[in-house]
Amino acid sequence: MSGAMTNKGDKPVARFGDGVKRALDSDIFHSFLKSPVTIVASIVTLVMILASVFAPLVAPHDPFDVATLNLLDSELPPFWEADGDARYLLGTDNLGRDVFSTILYGSRVSLLVGFTSVVLSMVLGIALGLVAGYKGGLIDAFIMRVAEIQLSFPTILVALLINGIMRGLLPPAQHAELTILVLVLSIGLSNWVQFARTVRASTLVERNKEYVLAARLIGVKPFFVMLRHVLPNVMGPILVIATLGLAGAVLTEATLSFLGVGVPPTEPSLGTLINVGSDYLFSGAWWITIFPGAALAILVLAVNLVGDWLRDALNPKLR
């Protein structure tokens, strides 16, 4: 009796161990180990994400705590400069905030907007792509025409348009409170097309295969056919687009904030930090904009490198 219970209790552990073993023996993991650039990019991405998530623990100063700010410490250079202060590793900005700390907190906001907007784009794009590819006909034509019209405009222009519409519909008193929500909707609704077109193309191939025809033959409803049978087989391209889309979403958020229609200056994001620092770039306080700009460039480059590797690793023709 006890042996039977032990065996039952060991099943989840055994399944987890088997899953880990299969993952370590997979072609994708070996491809990852053979790419030093991807390993470095993954480490950089992971470190930057963890540093931003745990910014309150990692950052030496809290840029939101007004009581700790001192205008006499504003525009201090990095600690290795002649007038630098060891308390501020990368110097201070025009308000006396520690640049290193604002980069950590700013990355937190940028990544939050990026992740959330990618999830929104992915959910909307997958749903519309599945319906368009599986149903076909007028529904497919309508969704694809809307997607083509949106593709004729630059993504940043669409995001600016949606951002302006959302701000026009909201009361002015709520603009500051709902800034993050408006940014997520603006970026998310401007990037769903790539997911929809990719999922539609894969669905057109999968819907005529035997396992889908068998499910339809035994009376499985279209919703469950799309969800259980078609969707798992189109997840590979979706993961690639989502990874590359994260870098694009972070960059779009930084662009909107730099233009003054994103996160307000009182809440540091990488875009607002670059915007604030651009006014002091030629006055000698180069560190205010250079370091946030470098952090943004490194983050976007690292995520793009991981996405490029993932695209090649999931392509069976390149294995």
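Student: Which residues does I126 touch, not counting residues up to four places away in sequence?

Tutor: In this predicted model, I126 touches F195, V199, L231 and I238, with residues up to four places away in sequence left out of the count.

Student: Which residues touch the most other members of the largest nonpolar core?

Tutor: A nonpolar core is a set of buried nonpolar residues joined through side-chain atoms within 4.5 Å. Here the largest one has 47 residues, and I103, I126, L130, I238 and L296 touch the most other members. At least two residues each come from α5, α8, α9, α10, α11, α12, α13 and α14. The largest share, 10 residues, is supplied by α5. Another core, of five residues, lies apart from this one and includes A51, A55, A59 and Y105.

Student: How are α5 and α14 oriented to each other?

Tutor: Angles from 65 to 115 degrees count as roughly perpendicular and those under 35 as roughly parallel. Helix α5 (residues 99-135) packs against helix α14 (residues 287-313) at about 40°, and their axes are 10 Å apart. The two helices are therefore oblique to each other. In passing α14, α5 makes a right-handed crossing.

Student: Which residues meet between α5 and α14?

Tutor: From α5 come V99, I103 and L111, which meet W287, F291, P292, A295 and L299 of α14. The residues of this contact comprise eight nonpolar, no polar and no charged.

Student: Does T243 count as buried or exposed?

Tutor: Buried means under 20% relative accessible area. T243 has 19% relative accessibility and therefore counts as buried. T243 belongs to helix α12 (residues 235-258), and its contacts beyond four places in sequence are V303, V306, G307 and L310.

Conventions
Residues numbered from 1 in each chain as written. Predicted model: local features only at pLDDT ≥ 70, side-chain atom pairs only at ≥ 80, totals over all residues. Heavy atoms only, no water. Helix = DSSP H or I, 4+ residues; strand = E, 2+ residues; numbered from the N terminus. Buried < 20%, exposed > 50% of the residue type's maximum accessible area, 1.4 Å probe, protein only. Contact = heavy atoms within 4.5 Å. Axes fitted to C-alpha atoms, helices over the stretch in contact; angles between N-to-C directions. Parallel < 35°, antiparallel > 145°, perpendicular 65-115°, else oblique. Left-handed = near helix turned anticlockwise from the far one by under 90°. Nonpolar A, V, L, I, M, F, W, Y, C, P; charged D, E, K, R; others polar.
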